[in-house]
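Keep the structure in view while reading.

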Amino acid sequence: MIEYLPMELKTIKGVGEKTEKAFNRAGVYKAEDLIDYYPRYYDTYEAPVLVRDLETDRTQAVFGTVARDTVVRQVKNLTLTEAFIRDANGDAIKCVWFNAPYLKNQLQIGASFVFRGFVKELRQALVIDQPKMFKQDEYNNKMGSMQPVYPLVRGLTNNVVTKAVRDTLDQISKPEFLPQSVRDKYDLLDVKEAVKQIHFPKNTQEFQIARKRFVFEEFFRFINNLQSLKAENEKQKNTHVIDDFSVAENLINNLPYDLTKAQVNVWNEIKKDMSSDGVMNRLVQGDVGSGKTIVAILGLLSVAVNGYQGAIMAPTEVLAKQHYEGMLELFDENDIDLNVVMLTGSMTAKEKREVYEVIESGKANIIVGTHALIQEAVNYKDLALVVTDEQHRFGVRQREAISHKGENPHVLVMSATPIPRTLAIIMYGDLDISIIDEMPAGRLSIGNALVDTSYRPNAYDFIEKQVQAGRQAYIICPTVEYSEAVEGENVIEYAERLESIFPPSIKVAYLHGRMKNDEKNKIMDAFAKNDIQVLVSTTVVEVGVNVTNATVMMVENAERFGLAQLHQLRGRVGRGSEQSYCIFVDGSKDKSKKERLQVLCNSNDGFKIANEDLKLRGPGDFFGVRQSGDYEFRMGDILNDADVLKQAADSYKMLMEGELPITEKEKKVLEDDVVKELSI
């Protein structure tokens, strides 16, 4: 196993005890960790534009002259400094600063600067928020440069991180992971040069070259681990042969609806796997609302009535609770006497101990839960089937961890992420793939609209009418709060703004990933009960509770998301009997982005959208909003980087088949990485 030579953070110049603790909060514990602490964004200084050419929801610069007396006023506990500037054409725009009254001395009438800040719409007029001011020569020197912007926590500034990274790169080199023959074939940078260029690129071209190197490495490392799992899986014999499916078949006959042909086909594949000599390792890929869950329940039911245990692991407590309550109701309606229990992280220690006991004793037939299912304290009596819901949110290692809780249990993975089959074969290389490509009969198609920011008042009127008719709405924003690193509407300010727009009878709340689990669950439960009518959220609702009463989704800055992710989000509505609608707000003036978004309005078919997404994507915003889910990659994106993913898979195959040379030392690096990854 390759290790860096240890180097303490406090040996870095300028890092004291407080800064070291702040780095620890960010997940950086030793100097070597800074090498992999990649920038989340690069601040590129573009040429100043005229006021008329400014675009909302992005950082831009204007060369302007202060046109009026600068005003400093108090609003609640904030001091606002407001200045009007005019450009060369005579067009004016307001600049606003918070808690910076001292700027008034510089902002005298006639003073000229380049004002660079975040452009946003406020009361139907554009303003530049918190602009930095530069003398023209000073700004000219910065133009075209790329400044790294790092993920920050309390106690860290971007300057501190930048200086610490520079110091570390001068003293430590990262070990090479990719074999020389692979780097030569695909013209990839060696790791030392790639590290320098990913942190401090001189220009966009340097960044793209360095990024490709690390994306390739991520994919290659993933495939190396995946193929090792596949080899291990192929050796496994079925020690839980399921030969009685009669109870599941009776349940199918008693359902108030008919399974689609696609569901029946997948169910037959599952039955064949679980009754064969080998262990089932199967992915069920199906669009949002295609009916994957009932197929998984049939599998869990079958192992339980055959005397074994089944477990289903969901990515959120809200979704785990939904599965649990749905299963209890279904079994009760059909007189199926099984003990279904739930295990989640938020339960008290006493509640957990009680559940541990019934699991270990075998009295629990089906266990529903979150990551709590793979904790060391959980011991299963005879685990025969593991179902993981939304595979990409767990990752290979966690899936493997729960499967190790039993003796070669069958594994069923459910994913609603529509990715083209060619990529799915690479991504899920250790699994057989089934696809549910039909929607249940009678489901209404979602009505879609692509609009610009001027449509917002109409959208709010529409949402208000839907709420007055007893319905609910989601509004999705890319960010939690404004930061230069990720530009876009933010949930906290947005929710506050909506409260002033909607009547008091409409309850507005917000939800984001930084909230504690208890808080998130409380908000989602209130939304499910219609105690909250409008929920402003980040993409945390992408995998969430099934609220059949929600009929409207409005996505702000839709151009910042990948189409596949937008389709996933859209799947939160249209789950009930009422007509549902999705409004995509394009905050850019980019024709190519509008063309991409139009694909969503033309189709509700996730797999068709994913293929179109693959064709239409540009280089993307790699360090802003993630474009297609997590997939445990920090930098790579399987749709944006589909060509690199294929290259990584091809090169791995060529190495294993001897078409590319590999030294014994390089082979040992790959073998040690598998051991390290699977032991985490």
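Which strands does helix α15 lie across, and at what angle does α15 run to β18? Helix α15 (residues 491–501) lies across β17, β18, β19 and β20, and its direction makes about 175 degrees with β18.

This is a predicted model, in which local features need pLDDT of at least 70, side-chain atom pairs count only at pLDDT 80 or more, and totals for chains, interfaces and linings use all residues. Residues are numbered from 1 along each chain as its sequence is written, and side-chain values use heavy atoms, with hydrogens and water left out.

Some terms come up throughout. Helices (H or I, at least four residues) and strands (E, at least two) are DSSP runs, numbered from the N terminus. Strands pair if DSSP finds at least two bridges between them. Contact means heavy atoms within 4.5 Å. Angles run from 0 to 180 degrees between N-to-C directions, with axes fitted to C-alpha atoms, for helices over the stretch in contact.

**The six-stranded sheet**

Six strands form an open sheet, ordered β16-β21-β20-β17-β19-β18, with parallel pairing. β16 (447–452) and β18 are the edge strands, each pairing on one side only. Six bridges link β16 to β21 (residues 581–586). There, L450 stands opposite F584.

**The seven-stranded sheet**

The order here is β11-β12-β10-β13-β14-β9-β15, again an open sheet with parallel pairing. β11 (340–343) and β15 (432–436) each have a single partner strand, so one side of each is left without a neighbour in the sheet. Four bridges join β11 to β12 (residues 366–369). M342 has V368 as its bridge partner.

| α14 (residues 456–468) | β16, β17, β19, β20, β21 | about 165 degrees with β20 |

**Helix α16**

Helix α16 (residues 517–528) has 12 residues, which at 1.5 Å a residue should span 16 Å; its end C-alpha atoms are 16 Å apart, which agrees. The expected span is 1.5 Å times one less than the number of residues. K520, N521, I523, M524, A526 and F527 of α16 are buried, meaning under 20% relative accessible area (1.4 Å probe, protein chains only). Their cover includes α10 (317–333), β17, β18, β19 and β20. After α16 comes N530, with a positive phi near 65 degrees.

**A helix pair**

The axes of α17 (residues 563–570) and α18 (residues 591–602) come within 10 Å and cross at roughly 35 degrees. L563, L566, H567 and R570 of α17 meet R596, L597, V599 and L600 of α18.

Terms used. Buried means under 20% relative accessible area, exposed over 50%, partly exposed in between (1.4 Å probe, protein chains only).
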